[in-house]
Amino acid sequence: MCREAFQICFISHEIPHPAGIRVSLQCFGKMGDSVTEYTARLQQQEQEIQSLSAEIESLKNPQNLNSSARLDELREENSRLKYRLNILKRGLQEERTYCSKSMLNINHRLQEIFGEAIRASCPELDNPPLAVAPNQQAKFGDYQCNSAMAMAQMLKAKGMKINPREIAEKIIQNLPDNELIQKTEIAGPGFINIHLKRPFVSRLLSNLLINGVQPPPLSSRKKVVVDFSSPNIAKEMHVGHLRSTIIGDSMCRLFEFLGYDVLRLNHVGDWGTQFGMLIAHLQDKFPDYLTVSPPISDLQAFYKESKKRFDEEEDFKKRAYLCVVKLQSKEPDFIKGWNLICDVSRKEFQRVYDCLDIQIIERGESYYQDMMTKVVKELEEKGFVQLDEGRKIVFPPGQSIPLTIVKSDGGYTYDTSDLAALHQRIFTEKADIIIYVTDSGQATHFQLVFAAAQMIGWYNPQVTRVEHAGFGVVLGEDKKKFKTRSGDTVRLMDLLDEGLKRSMDKLKEKERDKVLTPEELTTAQRSVAFGCIKYADLSHNRINDYVFSFDKMLDDRGNTAAYLLYAFTRIRSIARLANIDEATLRKAAETSEVLLDHEKEWKLGKCILRFPEILQKILDDLLLHTLCDYLYELATTFTEFYDSCYCVEKDRQTGEVVKVNMWRMLLCEATAAIMAKCFDILGINPVSKM
């Protein structure tokens, strides 16, 4: 069995022509058919490695070696065993790489290899720095390890002065045998330039084409709660809600693709004193609201009317307060009035969510009402509550301002509801990751809430990740807060309708209405309109403010959704125009090698395979513009490739296809597959024709 494994290593490693790829994929494909068989093979190889390692260790201390001939014989056997052990280790790694349907994070694999070498080079250093990144200049290699300089500084602090280049040389000497590095070179003060093996990259591309875009392996399936969108009942969604909705949805899509268990929550403002005045106004304007559904078409106007009465009519204000008390006591008539108002808002919110293709579960402030009492009681019992002019406040450690958990009139606050919500998400939902997507103006509030929760002992930040993903405001083209000409906040539905109008104008300007069916034109209109609005937001660093401009986002030049959607449809059309169907491409992926001889083929192949690295970075910092930058880089790298490398060769006179370079068609297919997944994570729906 181990000999067979030994042969497999050489089959997949030594034969460079297409037949070799076929044999390799067939060998590994058979194992992939049966998880049990594959697991058994890996376990058996690992056992043999352990056995061989033990044998080598025993040979290091030979006893009673009386003759030098016997000593030479054992040394020779030792060398053979070491060689075979390395072959088996490499074979095991290759089987894991190529038999896995998951995409390999090349950077992560290089970090494993260089981490081992760095630890072996400087065992005296605790936690030596590990810095591996793609090389910014292709002529110097594919990746670069920049650890040597930082290690030299750490050694200097320990009183050992060693030249960084010497450290780099030691690192290279200690690199374990591996499946992906062709060669390494030392440059400058101690940079290690890394060149990848082209057959290795080719096989990863074949893996991608056969298995589709699969997420990297997940060590454990964590529970993630994302709190986003969160509009207020009885108020229309405005442009300020756009960013939270788009960013939060994209974060959820990323976690879902990576295999996490995601709960999408809409923490709507559906409770509080404002409902007293709304219900009082409802009673006056529609006295039969309990039996006849009130025709409230414009809830914003209804809210303004009730607010005006609340500010100007003393009797109305008293009744409004009484309504709040009855609502909080859950009297049926008042609960019905509250539900009516909430339902009108929900319908308006859903119009926006349908346009933007948002899935979300409503769980507003009212959901946590009964939990707030328990939270206040726990804080009091643990001695964290102070009284301040009738209010109950809590000072989290290291914070200069307090949380107000009970107002002087006995009511709860936004602080109380957020503490109750966090408690529920930690203890009931058992979330491992909790993310709040709101504007950066709420950063201090969440800092206080998180600090209080840690003070009480609800969670350990080393174990549970609780994070506020803040974002800047939307600005108009005058660089001021985005408003209508009359100075009002821009309604989100008006903005989306305007996007649809401008998108159709753009498509007709390009005479798309003459080549697309009415259904295809409408699909393209929605794809461009909503895709451009989402991409304009996501392509900017969320921490910064951004200028909203329909003209810029609908421009089909530069880093815009319009350009990328057009680029994607062009790539998808290459195979269609060459009369190559999916079955032909799939067969080619299984039987042909993806050649990477041309520098533009090589550049594109490496760019495609950086996808898992990009996702890992976003998982760490929750900055989605990195994915947009990568998507644009992939599209422009593809254009370079397509301009330099013929995929389909045609007769110049007749236009007939003379030759199809199938390996290049496979690169087109791999590019389109990654672009499609990027669009999916960004919440953008590309179309096949535009």
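How many bridges join S1 to strand S2? In this predicted model, the count is three, and the two strands, with S2 covering residues 143-145, run antiparallel. One of the pairings can be picked out by name: Val132 has Cys145 in S2 as its bridge partner.

Strands of a sheet pair through backbone hydrogen bonds, either parallel or antiparallel. Here four strands form an open sheet in the order S1-S2-S4-S3, and their pairing is antiparallel. Strand S1 (132-134) and strand S3 (181-187) are at the edges with a single partner strand each, so one side of each has no neighbour in the sheet. From one strand to the next, the twist averages 25 degrees.

Is Arg264 buried or exposed? Its relative accessibility is 10%, and buried means under 20%, so Arg264 counts as buried. Its side chain reaches the backbone oxygen of Gln359 at 2.8 Å. Beyond its neighbours within four places in sequence, Arg264 is in contact with several residues, among them Val226, Phe228, Asp249, Glu256 and Ile360.

Our last stop is a pair of helices. Two packed helices are described by the angle between their axes and the distance between the axes. For helix H8 (residues 198-211) and helix H21 (residues 582-591), the axes come within 9 Å and cross at roughly 145 degrees. The crossing of H8 past H21 is left-handed. Ser206, Leu209 and Ile210 of H8 meet Arg586, Ala589 and Glu590 of H21, a contact with three nonpolar, one polar and two charged residues.

Notes:
Residues numbered from 1 in each chain as written. Predicted model: local features only at pLDDT ≥ 70, side-chain atom pairs only at ≥ 80, totals over all residues. Heavy atoms only, no water. Pairing = 2+ DSSP bridges. Axes fitted to C-alpha atoms, helices over the stretch in contact; angles between N-to-C directions. Buried < 20%, exposed > 50% of the residue type's maximum accessible area, 1.4 Å probe, protein only. Polar contact = N/O pair within 3.5 Å; in protein donor to acceptor, adjacent residues only side chain to side chain. Contact = heavy atoms within 4.5 Å. Left-handed = near helix turned anticlockwise from the far one by under 90°. Nonpolar A, V, L, I, M, F, W, Y, C, P; charged D, E, K, R; others polar.
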